[in-house]
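Dear colleague,

I am passing on the structure we spoke about, and below it you will find notes on what turned up when I went through it. Please read them with the model open beside you.

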Amino acid sequence: MTVRANVGGTFASRLFLVAALLVTMLCPARGQKYEGRELVQAKLLADVTAVVPGKPFTVGLLLHMVPNWHTYWKFPGDAGIPTEIKWKLPDGWKVGEIQWPIPLKLDEPGDIQIYGYHDEVLLLQEMTPPASLKDSTVQLAAEASWLVCEKICIPGNANLKLDLPVAAQSTASNEEIFSRYRRSLPQDWPAAGIARATWQRQATELRLTVESAALANYPAADFFPVPEANVVVGHPKVERGAGGQTIFQVPIETADKNLAALNGIVVFGQNANGPGRNAWALESTPVIASTAVLPGNLARFLLFGFIGGFILNLMPCVLPVISLKIFGFIQHAGQDRRRILRSGLAFVAGIFAWFIGLALLLIALKSAGREITWAFQFTNPYFVVLMSAVVLVFALNLFGVFEISLPQFANRGVLGWTAQEGDAGSFFQGVFATVLATPCTAPFLGTALGFAFTQSGWTILLMFLAIAAGMASPYLLLSAQPAWLRLVPKPGPWMLRVKQLMGFLLLATLLFLLAVLGAERGVEAIVWTSCFLLALSVACWMKGAFIVPTASSGSRFVSIGLMLLLVLGSAWYFIGGKFAAAKTVSAETQTQGGWQPFTPQLLENELKQGHAVFVDFTAAWCLTCKFNEANVLEAGAVREAFERHGITKIKADWTNADPAITKILKQFGRPGVPMYVLYPGNHAEPILFPELLTQNLILEKLETVSPNVAVK
Amino acid sequence: MKTKLFATLLTIAASTALIAADSPAVGTTAPDFSLTDSKGKTQTVSQYKGKYVVLEWFNPECPFVKKHYGSGNMQKLQEEFTAKGVVWLSIDSSAPGLEGNLTAEQANAKMTEWKTKQTAFVLDPDGKAGRSYGAKNTPHMFVINPEGKIVYEGAIDSKATPNPSDIANSTNYVKVALEESLAGKTVSNANTKPYGCSVKYK
């Protein structure tokens, strides 16, 4: 290592530096000898003269190869293996990934293509010492191993040490070599205005199209892939297209049909293989630094699923239906125990049926290679229309406008959840409660489902069963132990009033669903849906008024015909025609309160400039999201803190299942919204918040963002 | 002098634009060749129709080959599967003057020294067989089924290092492919990235 006079250092530390230098010289790196020559000389360098506690610096492994011999890049190509560095660091130290300079592409006879380095290379890594560092000196030790080849290949390794003093401040060291190799590192992918990359899969070939006038101007362009370990790629071919397009074709030799993109670098310059080249790093995902799915064993996640399922009962979107069930229990209190148990079991079966059905659907979609997420059904406006209709019909039923009867049970009289609750009614209540529950991703469920979605079909099924069991557990308990129902009031005429009150709760749910539709499709969509709902209400009234056992079969026939005509006709006209024509609301019109609408480019640009960014992943149908926004994100103290720290606020609206947003949700291992991410700026690791926010939680994390880096 | 000659050779080889040779895909018919083995017998792929055939690209100087022979790993595989009727051909495609090129006598001596158990040691000094298979590494492994179709192509195992101590903790892809094939199953992992030294073609 080169030692520069450290003016600020003490005499002792200077003395130490000299000693360290001597030690380094006395223990030369051991490489390997071939025909009397040392093929590779290895040593460690630091870009600072001293370690400052808590302050990151860069170390480099310098490899000197004898002429014509080469070591390998992180993807070696058809032969060879990449150089490896295993650090033995003191406690509390952190080391970053190896930053590899742009390699040479070398051709060998037999159409063998490799990526590597001739003569010299410096492999850079960021080192972060602990802030609590107390020692006066530190020793960083590493074992480096490599394969060096010319006509033949020889593996080599060396145990290397780097001694550095610890000081309150440090100056730059080895500047020339570090800046030279930093310049030859691939850069982050540029803004969309400069280069846009798209991947296409065509049978056994992946095709990368880069639209960039800047790139098109260079005589040489190439793509160096960095495939995952289980992917075998052939040699990329380059083609120049019209309008600044450069197309790279990469043959994929492995059978993985879902592979849709590769990591790699796009290399360009005056020459294909000489010095002075530049490169852009292409990550197959648009955002840097994703956090991995939390590790953990299945049992723990199943427990989370169970707890999460239980909490679903308390979610605002489920409450109206749940109250109906509790009402049912009140009604049956004191009745035959077996009957109560049967009705409870039917309700529970409904919950399970929905979750199993959902799990099977998700597994099917997943195996078909679709992006799947929790509550995905609510991103479909027709599903929301259907839900609105169902909610309204049930509300009218509770108001007593009509009674629900199923023909096959006609001899048993009226069914539904009125006077005589049947098993079928209980079953559908269970299904209904669960359908309404899904848009609220309860705490715990996020983590548990995030885990499940990355797993096999069986795990997904098990996970959904755990959630169903959690949600069903209180009813199972109440059905099995009806004695506990003694605590609730005795049945009486007050029940009719409560029933009607529940009807209004359902109407409130209907308002929420209409608001969702409005966010998805605009005001027009609400109007046309309401027209349809009005026609539906009239049909329900006709059912209650004219289709009664006392009516003659002729008038019943006419009534049924009119009802069908009304429902189908209005559905066809208002939903099939008017509603379908209503336009999707564009996100740009929704900027308010300093929130910018999400685009991948916006996020990328902000992060590239080192800004701190907070992203709110939300959806119109997500009540937990609305709650967090109203009570935390828009609260005075939080707003003020966002402003003070100069944080860019981005709102990622997932109401219409924007695939770019889905991708980021998946990167963080989350199956759906809400999700809150704080990028602290200066390329630091993003911070993920839990689903339920508190003001303190946000304020605390914001303190970690230093205001000076975030000034816009 | 030697380096200069080699550099010239390299340049000539590169400028004569070798035919691009990606390995034939798994599931396609294995290319045939007709070469002499170290015992002077003619070896072809077609003569073994009805049997499983393993092709192993070999270079005795390559550290990755040494990893599997020095540890006895390759010999054990050869012994196990030739006993089950599998034909095992080790192929040396190193060109004369380059690393790993062996004459018939040198090959026989190496086989005795390393106690190898393959069916035959095939000499391919002009690299014809190697190129037709797109063999890029030593060891680069192929498994051919009795119908003459390639059922496995790629690495010998899952740990791409020259370190023999990694063998114990790695999955031997060739062993798995042969076991699955012999049990009448399709090979679960039929294509992996081969690792090792480059084949020393002219």
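**Strands, helices and the chain contact**

In strand 23 of chain A, T618(A) has D653(A) as its bridge partner. Please keep in mind throughout that this is a predicted model.

Elsewhere in chain A, strand 14 (residues 196-202) and strand 15 (residues 205-211) run antiparallel and are joined by seven bridges. Within this pairing, A197(A) stands opposite V210(A) of strand 15 of chain A. The hairpin that strand 14 and strand 15 of chain A make has two residues between the strands, and A203(A) there takes a positive phi near 50°.

Turning to helix packing, how do helix 4 and helix 10 of chain A cross? The axes of helix 4 (residues 298-312) and helix 10 (residues 457-480) of chain A come within 6 Å and cross at roughly 40°, and the two helices are therefore oblique to each other. Their crossing is right-handed. Among the residues that make the contact are F301(A), G305(A) and G309(A) from helix 4 of chain A, and L462(A), A466(A) and G470(A) from helix 10 of chain A. Sorted by class, the contact of helix 4 with helix 10 of chain A has 14 nonpolar, six polar and no charged residues.

Finally, as regards the two chains, 23 residues of chain A are in contact with 33 residues of chain B. On the side of chain A that touches chain B, strand 8 (104-108), strand 11 (137-149) and strand 12 (153-165) of chain A each supply at least two residues, and strand 12 of chain A gives the most, with three residues. The residues on that side of chain A divide into 13 nonpolar, four polar and six charged.

With best wishes

How values were computed
Residues numbered from 1 in each chain as written. Chains lettered and ligands numbered in written order. Predicted model: local features only at pLDDT ≥ 70, side-chain atom pairs only at ≥ 80, totals over all residues. Pairing = 2+ DSSP bridges. Helix = DSSP H or I, 4+ residues; strand = E, 2+ residues; numbered from the N terminus. Axes fitted to C-alpha atoms, helices over the stretch in contact; angles between N-to-C directions. Parallel < 35°, antiparallel > 145°, perpendicular 65-115°, else oblique. Left-handed = near helix turned anticlockwise from the far one by under 90°. Contact = placed C-beta atoms within 7 Å. Nonpolar A, V, L, I, M, F, W, Y, C, P; charged D, E, K, R; others polar.
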